Amino acid sequence: MDSVEAELAELRLTMKQANERIENLDKRISESRDLSGKAKCAEREDLDSGDLIDRAEKFLQWGRLKSGTLDTGNGLFTDSCWNMCLDIYLCGLKDQQVTVSAIAHSSGIPMTTAMRYINVMVEQGLLQKSSNPADHRMVFVAVSQECQAKIEKLLFSAPI
């Protein structure tokens, strides 16, 4: 009976030490997350529009390289909506107006598909359309403020 009690006491001590180690590790993980969040905020403040342009262009280049390398003509490896949205965002950062037809053409997908995607993104509040005052047949497209904030959040946290 004494050996069982001794073994039980030893087991309790081992469990107590294990629980303390778990609590210490949880605390270290929590502190690490807090520090990395602060570091990300600091990095975010250091980025200017030039950095955002650079990051967005890298994403576009990567997407086009990926689809150009892996796509066999079926469109499985394209990110059409993301690329169009990012391209429109870039034009906005560069103070360039972009037309619906130009963005549809640059996306590399059929015009009707691009137009449908653009219309869905407008309905979702991601993009905004406005007519060209000089030529009402021409429609400009821009990212909404909400979409711009979301894209910038992605660009800030991107591991590039």
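1. Cys-91 is buried, its relative accessible area being 13%, where buried stands for under 20%, exposed for over 50% and partly exposed for what lies in between (1.4 Å probe, protein chains only). The model is a predicted one, in which local features need pLDDT of at least 70 and side-chain atom pairs count only at pLDDT 80 or more, while totals for chains, interfaces and linings use all residues. Residues are numbered from 1 along each chain as its sequence is written, and side-chain values use heavy atoms, with hydrogens and water left out.

2. On the remaining cysteine question, a search of the whole structure returns 0 disulfides, a disulfide being a pair of cysteine sulfur atoms within 2.5 Å. For Cys-147, the closest cysteine sulfur belongs to Cys-85 and lies 3.5 Å away, which is too far for a bond. Cys-147 is itself buried, with a relative accessible area of 3%.

3. The structure contains 6 salt bridges, each a side-chain nitrogen of Lys or Arg within 4 Å of a carboxyl oxygen of Asp or Glu. One of them joins Glu-57 to Lys-94, with 2.7 Å between the closest N and O atoms. Because Glu-57 belongs to helix α2 (residues 49-70) and Lys-94 to the loop between α3 (80-93) and β1 (98-99), this pair ties together parts that are 37 residues apart in sequence; helices (H or I, at least four residues) and strands (E, at least two) are DSSP runs numbered from the N terminus. Both partners are partly exposed, Glu-57 at a relative accessible area of 28% and Lys-94 at 36%.

4. A salt bridge also links the side chains of Lys-66 and Asp-79, at 3.0 Å from N to O. Lys-66 is in helix α2 and Asp-79 in the loop between α2 and α3, so that the pair connects parts that are 13 residues apart in sequence. Here Lys-66 counts as buried, at 18% relative accessibility, whereas Asp-79 counts as partly exposed, at 33%.

5. Asp-135 and Arg-137 make a further salt bridge, in which the closest N and O atoms are 3.0 Å apart. The accessibility of the two partners falls in separate classes, since Asp-135 is partly exposed at 21% and Arg-137 is exposed at 75%.

6. The largest pocket has a volume of about 180 Å³, and of its 15 lining residues those closest to the centre are Gly-92, Gln-96, Val-141, Ala-142 and Val-143. A pocket, on a 1 Å grid over the protein atoms alone, is an open set of points where a 1.4 Å probe fits, with protein on both sides within 12 Å along at least five of seven lines, and lining residues have an atom within 4 Å of a point. At least two lining residues come from each of α3, β2 (127-132), β3 (135-143) and α6 (145-157), and β3 gives the largest share, 4 residues. By class, the lining comprises 6 nonpolar, 8 polar and 1 charged residues, with Gly counted as polar.

7. Finally, Ser-80 lies in helix α3 and counts as buried, at 12% relative accessibility. Leaving aside residues up to four places away in sequence, Ser-80 touches Ile-109 and Tyr-117, contact meaning heavy atoms within 4.5 Å.

Definitions and conventions: Points joined across faces, edges and corners; volume = space filled by probe spheres on them.
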